[in-house]
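Here is a briefing on one protein model. Please keep the sequence and the coordinates at hand while reading.

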Amino acid sequence: MSPGDDTAPGRESALREHLPQFTGANSGTMHPIVEFLNAIDRSPGQSPRELLDTILSECRKFAGAEAGTIFIVRPAPENLPGTPLENGYLEPMSFQNDALALEASTFILPIDETSISGYVATTGTPLLIED
């Protein structure tokens, strides 16, 4: 094992020992959080974008979501004062949708209350919207 090589089985073992509630100790199955950490740990050489794709995929699996997006906040363009982007904008860094064929690069969202993501970015308040 090389320095800093923290393998998933080692972490899983530690979780099982110290946090039995995070494993299905009686059933032999892993808790979803352990599965998530293992998925992230399986590809240590990922680029930041690949890591975001892996994180989003695992989060969608955990939540049973058919789609999801991880946004990065960008500052307002300096040459466009008074536009819908005056508070900055959200740029999708990882975009996955099993229902619609969309490209992430085809849209940005203003940071305002005109969209769910913009609302959350503006207010800092998470939303839970039932299907």
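Predicted model: local features only at pLDDT ≥ 70, side-chain atom pairs only at ≥ 80, totals over all residues.

Residues are numbered from 1 along each chain as its sequence is written, and side-chain values use heavy atoms, with hydrogens and water left out. An open sheet of three strands runs in the order β3-β4-β5, with antiparallel pairing. The structure also holds three salt bridges.

**Terms for the fold**

- Helices (H or I, at least four residues) and strands (E, at least two) are DSSP runs, numbered from the N terminus.
- Two strands pair if DSSP finds at least two bridges between them.
- Contact means heavy atoms within 4.5 Å.

**The sheet**

- Strands of a sheet pair through backbone hydrogen bonds, either parallel or antiparallel.
- In the order β3-β4-β5, the pairing is antiparallel.
- β3 (67-74) and β5 (109-110) are the edge strands; each has a single partner strand, so one side of each lacks a neighbour in the sheet.
- β4 spans residues 89-97 and pairs with β5 over two bridges, in the antiparallel sense.
- Y89 stands opposite P110 in β5.

**Helices on the sheet**

- Helix α3 (residues 48-63) packs on the sheet and touches β3 and β4.
- The direction of α3 makes about 60° with that of β4. Axes here are lines fitted to C-alpha atoms, for helices over the stretch in contact, and angles run from 0 to 180 degrees between N-to-C directions.
- Helix α4 (residues 116-123) also packs on the sheet, touching β3, β4 and β5.
- The direction of α4 makes about 130° with that of β4.

**The buried side of α2**

- Helix α2 covers residues 32-41, and its buried residues are V34, N38, A39 and D41. Buried means under 20% relative accessible area, exposed over 50%, and partly exposed in between (1.4 Å probe, protein chains only).
- These residues cover an arc of only 165° around the axis, which puts them on the same side of α2. The arc is that of the directions from the helix axis to the C-beta atoms.

**I55 and S94**

- I55 lies in helix α3, and S94 lies in strand β4.
- Their C-alpha atoms are separated by 9.1 Å, although I55 and S94 are 39 residues apart along the chain.
- I55 is partly exposed, at 24% relative accessible area.
- Neighbours within four places in sequence aside, I55 is in contact with F36, I40 and I70.
- S94 has a relative accessibility of 1% and so counts as buried.
- The S94 side chain makes a polar contact with the side chain of D53, at 2.6 Å. A polar contact is a pair of N or O atoms within 3.5 Å; within protein, one must be able to donate a hydrogen and the other to accept it, and residues adjacent in sequence count only if both atoms are side-chain atoms.
- With neighbours within four places in sequence left aside, S94 is in contact with L52, D53, L56, G68, T69 and I70.

**Salt bridges**

- A salt bridge is a side-chain nitrogen of Lys or Arg within 4 Å of a carboxyl oxygen of Asp or Glu.
- K61 and E58 are three residues apart in helix α3, so about one helical turn separates them.
- K61 is exposed at 54% relative accessible area, whereas E58 is buried at 12%.
- D98 forms a salt bridge with R60, with the closest N and O atoms 2.6 Å apart.
- This pair links distant parts of the chain: D98 is in the loop between β4 and β5, R60 is in helix α3, and they are 38 residues apart.
- D98 is exposed at 63%, while R60 is buried at 10%.
- R74 and E91 form a salt bridge between their side chains (2.7 Å, N to O).
- That pair, too, links distant parts of the chain: R74 sits in strand β3 and E91 in strand β4, 17 residues apart.
- R74 is partly exposed at 29%, and E91 is partly exposed at 24%.
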